[in-house]
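The following note sets out points for a colleague who is reading the model alongside the sequence. Please consider each point against the coordinates.

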Amino acid sequence: MNFSDLPQPRPLPFSGHLQRWGSSPLSLIEEGAALGQLFGLQLGLRTVVGYSPAWNKRLLSDLTTFRSAGSFSAVVPYLSGGVILTDAPGHGPRRQTMNPGFGKKHLELLQARIVSALEQHNRQALSAPEFDALAWADGAVLAMLNAAYFSGEFPQELMHAFLAPLRQPFPTPAWPRPLLFARFDAELRRLAGRRLREGGDDLLSLLARLPGGVREARISLAAGHDTTTHTLAWATWFLAGHPEWQAPEHHRAVIKETLRLYPPGWMGSRRLAHDTEFGGVTLPKGALALYSPYLSGRDPLLWERAAEFWPLRWQAGFKPPAWAYLPFGGGERLCLGMHLANLMLETALGSLPPLSAVRGDPTPRPGVTLGPAGPLRVRARDEGPPTSRGGGCDIRTVEDIT
Ligand code: HEM
């Protein structure tokens, strides 16, 4: 079969699927998914979308055919560069130099700093019983990333200003922002220089020693902020609506279930380096190839009670279907910050008082990452004197968490 014979949602006469991709991409890909496990889109470039485990495995394992250069990340200056756009054979060695900093052992060193930054944030952000979970999560993740990367030394407003455009709808995140990036990089370089002179053990200290490390710090921060913020906001909203899951021992299951239903990386993209074949279809060189953690995580053929928030599925011993649960991607390009994200998520959920949902708009809004429309107003339940969890943090070890 040829690429042009793939099923596809009905295109518009001139713009193909571009207009719907801009306005309502989730309904567009859901419509495509109903037509077949592999479907086509016209997005200016010939585009193939798949969500079967076999497709995910192929796209995420065959790194010489499915390349990051020329993918969606390349058009977003925040993500365009560093390890994210490095392809094989350079990618593996690059990751090896970065992995140790983001591994569990090193994160253990940073945990106390992360907890204390969160406590400081919570003192103000949780001072009133009612708050917006999205705004709280935003500040909490910013503070924890600042602690992990910079021991809290990066000016918080500059970090906030730098990251804010990333969460706007397209095309805003794709606009070049040379002045803002230059200000951000100047501060990064100043702090990196100090670490090279004086030593240190935060993430910047490790990245500063690598060629291009300052850039990697900027890019990985951008990759890590909204993804973690949105997961945290949604998980908080779910907890508020499902008090039976609020005990800390359930938080890991709640996070996993949140990431299944609302993976912030809802769509991953690659470009085909040469013609290739998949499932009897010839895919042409240069085509855009997409995998979707969103579609794979909701496929009723793979998941029991696929559309439901059902954390019980994650009880001990459960293994998700192979290559179907990909909130952190998979294969060699598995998310660099996965352990850090899990540490921040569990730490932050564990710092909340018992909650109930007040009102909110959790409608998923796809942009560079998938986030809730918000606000998500929640309220601390009046359950007698606050426990150590009300704004403070139970310290669990990284080993416990990830
Ligand atoms: C809940 C939070 C997060 C989610 C859902 C998430 C999701 C993902 C996904 C799906 C990918 C693979 C993309 C692809 O295949 O094209 C990825 C890669 C990546 N993530 Fe995350 N991420 C999260 C947090 C973080 C954090 C905290 C960092 C900070 C270090 C980070 C840094 C990266 C980097 C640098 C890559 C590129 C890895 C490579 O290409 O080798 N992420 N992430």
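**Notes on the ligand shell, a helix pair and the cores**

1. Helix α11 provides the largest share of the shell around the ligand, namely 6 residues. The model is a predicted one, and the points below should be read accordingly. In total, 23 residues surround the ligand. At least two residues of the shell are supplied by each of α4 (82–85), α11 (213–241) and α14 (338–350).

2. Which residues are the closest to the ligand? They are Gly224, Gly265, Gly329, Cys335 and Gly337. By class, the shell around the ligand consists of 12 nonpolar, 9 polar and 2 charged residues.

3. For α6 (residues 104–125) and α14, the axes come within 10 Å and cross at roughly 35°. This crossing of α6 and α14 is right-handed.

4. On the α6 side of this contact stand Lys104, Leu107, Gln111, Ile114, Val115 and Leu118. Their counterparts in α14 are His339, Leu340, Leu343, Met344, Thr347 and Ala348. The contact of α6 with α14 comprises 8 nonpolar, 3 polar and 1 charged residues.

5. The largest nonpolar core holds 94 residues. Helix α7 (residues 133–150) gives the most to this core, with 14 residues. The residues with the most contacts inside the core are Ile114, Ala140, Met144, Ala148, Leu204, Ala235 and Met344. Ile114 and Met344 also belong to the contact of α6 with α14.

6. Apart from its neighbours within four places in sequence, alanine 235 is in contact with Val254, Ile255, Thr258, Leu345 and Leu349. A second, separate core has 5 residues, among them Trp323, Ala324, Tyr325 and Leu326.

7. Is serine 296 buried or exposed? Serine 296, a residue of helix α13 (residues 293–297), is buried, because 27 other C-beta atoms lie within 10 Å, whereas the cut-off for burial is 20 or more. Not counting residues up to four places away in sequence, serine 296 touches Tyr51, Asn56, Ala324 and Leu326. Ala324 and Leu326 are also included in the second core.

8. Finally, a separation within the chain may be noted. Serine 296 and threonine 347 are 51 residues apart along the chain, and their C-alpha atoms are separated by 28 Å. Threonine 347 is one of the α14 residues that meet α6.

Definitions and conventions:
Residues numbered from 1 in each chain as written. Predicted model: local features only at pLDDT ≥ 70, side-chain atom pairs only at ≥ 80, totals over all residues. Near = placed C-beta within 6 Å. Helix = DSSP H or I, 4+ residues; strand = E, 2+ residues; numbered from the N terminus. Nonpolar A, V, L, I, M, F, W, Y, C, P; charged D, E, K, R; others polar. Buried ≥ 20, exposed ≤ 12 C-beta atoms within 10 Å, placed from the backbone. Contact = placed C-beta atoms within 7 Å. Axes fitted to C-alpha atoms, helices over the stretch in contact; angles between N-to-C directions. Left-handed = near helix turned anticlockwise from the far one by under 90°. Core = buried A, V, L, I, M, F, W, Y, C linked by C-beta atoms within 7 Å.
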